[in-house]
Amino acid sequence: LVPIVAKKGTFGGRLRYAIIVYHPERSPSLQRPIAKFIRDFEPSKIYTFGEIPTSIFEEAGFSLDNVEAKTVSEYLDNWSSYSTVIYVENNYALALLASPYAALREAPLIVAGSPLDTSGRMEGKNVVRIGTVGCPSGAISCEGPLSANEVSRDYVTRSDTNRVILVNSNDLDQSTKVSLAAPILAAERREVIVNTTSTDHLAID
């Protein structure tokens with residue numbers, strides 16, 4: 001969803017939507033801060049992906065009439081037109097890196113093996129491949145495949161950034177899942193993500 005929320009919009013001139021990641025395993029403790037955020041943020045419309053308890057919106061005093069459920073297949077509807085697709089291997093660490101990269105190139109992100117991964121969705125498009133993915137049939141051209149290091153270098157070149165976000169993608173199996181927020185921050189602040197499990201700054205460097 002990062003390429004959607006990072007499209008040019010009203011919030012700070014760049015972010016189009018605020019985004020909240022809901023962890024059902026932490027319910028109901030997570031519902032209260034989410035409800036508070038909704039009250040403080042005062043959105044006029046909320047879009048949901050996946051199963052989100054209506055009790056969150058009730059606690060926030062937000063009308064369910066203004067909550068609209070979206071499916072993964074509707075993801076590409078957020079672009080009136082697009083000529084480039086970022087196509088990434090089904091690998092969490094690579095997808096974290098590819099997400100702000102897609103936002104930077106203002107292109108939708110499709111993960112291999114996901115419901116969006118059909119040749120028709122990439123027909124006539126320039127497909128930028130990241131990781132071990134082939135060139136989809138019907139694509140007008142294909143770039144890559146790019147490695148994680150090549151994506152990072154291209155991100156730095158295109159964004160002219162000198163800032164880095166260090167991420168440990170292994171936390172996906174933990175209750176916090178803080179790494180999920182990294183692409184949102186990276187896309188908004190134009191910072192490159194570097195995935196590492198090391199705590200040695202010399203090894204990271």
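User: How many aromatic pairs does a search of the whole structure find?

Analyst: The search finds one aromatic pair in this predicted model. Phenylalanine 37 and phenylalanine 41 form that pair.

User: Why is the pair of phenylalanine 37 and phenylalanine 41 called stacked?

Analyst: A pair of aromatic rings is described by the distance of the centres and the angle of the planes. Here the centres are 5.3 Å apart, and rings pair if their centres lie within 6.5 Å. The planes are 10° apart, and an angle under 30 degrees counts as stacked, so the pair is stacked.

User: What separates phenylalanine 37 and phenylalanine 41 along helix α2?

Analyst: The two are four residues apart in helix α2 (residues 31-41), so about one helical turn separates them.

User: Is phenylalanine 37 buried, exposed or partly exposed, and which is phenylalanine 41?

Analyst: Buried means under 20% and exposed over 50%. Phenylalanine 37 has 36% relative accessibility and phenylalanine 41 has 35%, so both count as partly exposed.

User: What makes cysteine 135 and cysteine 142 a disulfide?

Analyst: Their sulfur atoms are 2.0 Å apart, and the cut-off is within 2.5 Å, so the pair is a disulfide. The structure holds one disulfide.

User: Why is the disulfide of cysteine 135 and cysteine 142 called right-handed?

Analyst: The torsion about its S-S bond is about 85°, so the disulfide is right-handed. Cysteine 135, at 44% relative accessibility, is partly exposed, and cysteine 142 is partly exposed at 26%.

User: Where does the charged end of lysine 125 sit?

Analyst: The charged end of lysine 125 sits over the ring of tyrosine 82, 4.3 Å from the ring's centre. The distance cut-off is within 6 Å.

How values were computed
Residues are numbered from 1 along each chain as its sequence is written. This is a predicted model: local features need pLDDT of at least 70, side-chain atom pairs count only at pLDDT 80 or more; totals for chains, interfaces and linings use all residues. Side-chain values use heavy atoms; hydrogens and water are left out. Rings of Phe, Tyr and Trp (its six-membered ring) pair if their centres lie within 6.5 Å; planes under 30 degrees apart count as stacked, over 60 as edge-to-face and the rest as tilted. Buried means under 20% relative accessible area, exposed over 50%, partly exposed in between (1.4 Å probe, protein chains only). A charge sits over a ring if NZ of Lys or CZ of Arg is within 6 Å of the ring centre and within 35 degrees of the ring normal.
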